[in-house]
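Subject: Structure for your review

Dear colleague,

Please find below the structure that I am handing over to you.

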Amino acid sequence: MSRRIDNLLRHAASPLMWPFTLPYAIAAHLKNCAYDRRWLQPQQLSCPVVSVGNLSVGGTGKTPLVLLLADRLSQRGWIVDVLSRGYRRSSRNVAHVDLSGTPEEFGDEPLLMARHGLSVYVGANRYDPGQLAEKEAEATSLFSRRLHILDDGFQHRKLARSIDIVLLHRADLERQLLPAGRLREPLSGLRRANICVLRAEDADLSERALQLMGGRGHNADSARVWTVERRTTLPATADSTPAALAFCAIGFANGFFVGLQQAGLALQSAIAFRDHHVYNLNDVEDLQAAARRGGARCFVTTEKDSMRLSPALRAKLEKEGPLIVAGLDVSLQQENYCLDGLEALLQERLQLRPRNVR
């Protein structure tokens, strides 16, 4: 079955999932209600936690934002680490990500962040990797300036956080709840957010985002909306690249393909796999065959996807043509204003923490 037919069948099946949406909505509401009313108590780490998450399944740019925040906060004197679930990793143990490891051991996103220089800890219950991070940091004199960034943490309410940052995509405003749609929870969940992040092309949604965040009784001044600009980048060697076949397995594949075209790359064709797809020999052979059919002379993919290609698979693919790994450059508009506000909000939250927590 072709991937195009597979996608059509999945879209056609969505209405069949509508009867299951109500039970999902009830379950999500009950969970949030239990935490909001303190019937369930989240686990509290000693160091502050800044969560970066979203409302829907699939990619909205969380990883690039985590990388940006970690870099900027480090420049401001914070000692930053990242806590991640490690989606689709084969191991269930709590671990400090090893640069020499594999996506199967740690997950593709944690390994990618670690290779960008971050200290990343993985575990299904994010409290356990947080404890491991703090245990390893106890010997340092800068423990009081340590901060955890919780990757993809908005719905992970088992772990207490000081600040919730939520990325909002325009499509989220029109989506249905799982399993018929892609929303993990209703838009009303944004009432828990302290900061909402929009892409530059969605900046006109700022007022709508503020309205969605203003449902709870916090001070209007504490509600902030950030705007990020995203730009696909190519290595210098790609300037003279002939027609390319692009492929990826990310949440919003079309955004990647459009970004490549905006970066000046001539695309012969584009192939999207399901999010977090694990590449195998058949996939590589299919890509080679597609390149031959269309006359593509090279391949281009995301940094995250390149990590899912084993050395053997990459070597085989490049027998057909070189593989170009595209980057994603993310910048924050009014950066100093946003980061000043984040630190002010963080200090405010820390003053309200229980006395028995460092």
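A residue is called buried here when its relative accessible area is under 20%. By that criterion, strand β2 (residues 79–84) is mostly covered, with five of its six residues buried. Please bear in mind throughout that this is a predicted model.

Overall composition

The protein chain contains twelve helices and twelve strands. Of its 358 residues, 48% are buried. Among the contacts in the chain with a separation of 6 or more, 76% are between residues 24 or more positions apart.

The sheet

The twelve strands form an open sheet with mixed pairing, in the order β3-β4-β2-β5-β1-β6-β7-β8-β12-β11-β9-β10. Strands β3 (95–96) and β10 (267–272) stand at its edges and have a single partner strand each, so one side of each is left without a neighbour in the sheet.

Strand β2 lies between β4 and β5 in that order. With strand β5 (residues 146–151), β2 pairs in the parallel sense over five bridges; I79 has R146 in β5 as its bridge partner. With strand β4 (residues 119–122), β2 also runs parallel, and four bridges join the two. On this side, D81 is the bridge partner of S119 in β4, while L83 stands opposite Y121 in β4.

The packing of α3 and α12

Helix α3 (residues 62–75) packs with helix α12 (residues 335–351) at an angle of about 80°, and their axes are 12 Å apart. Because angles of 65 to 115 degrees count as roughly perpendicular, α3 is described as roughly perpendicular to α12. The contact brings L69, R72 and L73 of α3 together with E335, L339 and L342 of α12.

Helix α12 itself has 17 residues and reaches 24 Å from its first C-alpha to its last, close to the 24 Å expected at 1.5 Å a residue. Its buried residues are C338, L339, G341, L342, E343, L345, L346 and R349.

With kind regards

Technical notes
Residues are numbered from 1 along each chain as its sequence is written. This is a predicted model: local features need pLDDT of at least 70, side-chain atom pairs count only at pLDDT 80 or more; totals for chains, interfaces and linings use all residues. Side-chain values use heavy atoms; hydrogens and water are left out. Axes are lines fitted to C-alpha atoms, for helices over the stretch in contact, and angles run from 0 to 180 degrees between N-to-C directions. Angles under 35 degrees count as roughly parallel, over 145 as roughly antiparallel, 65 to 115 as roughly perpendicular and the rest as oblique. Contact means heavy atoms within 4.5 Å. Buried means under 20% relative accessible area, exposed over 50%, partly exposed in between (1.4 Å probe, protein chains only). Two strands pair if DSSP finds at least two bridges between them. The expected span of a helix is 1.5 Å times one less than its number of residues.
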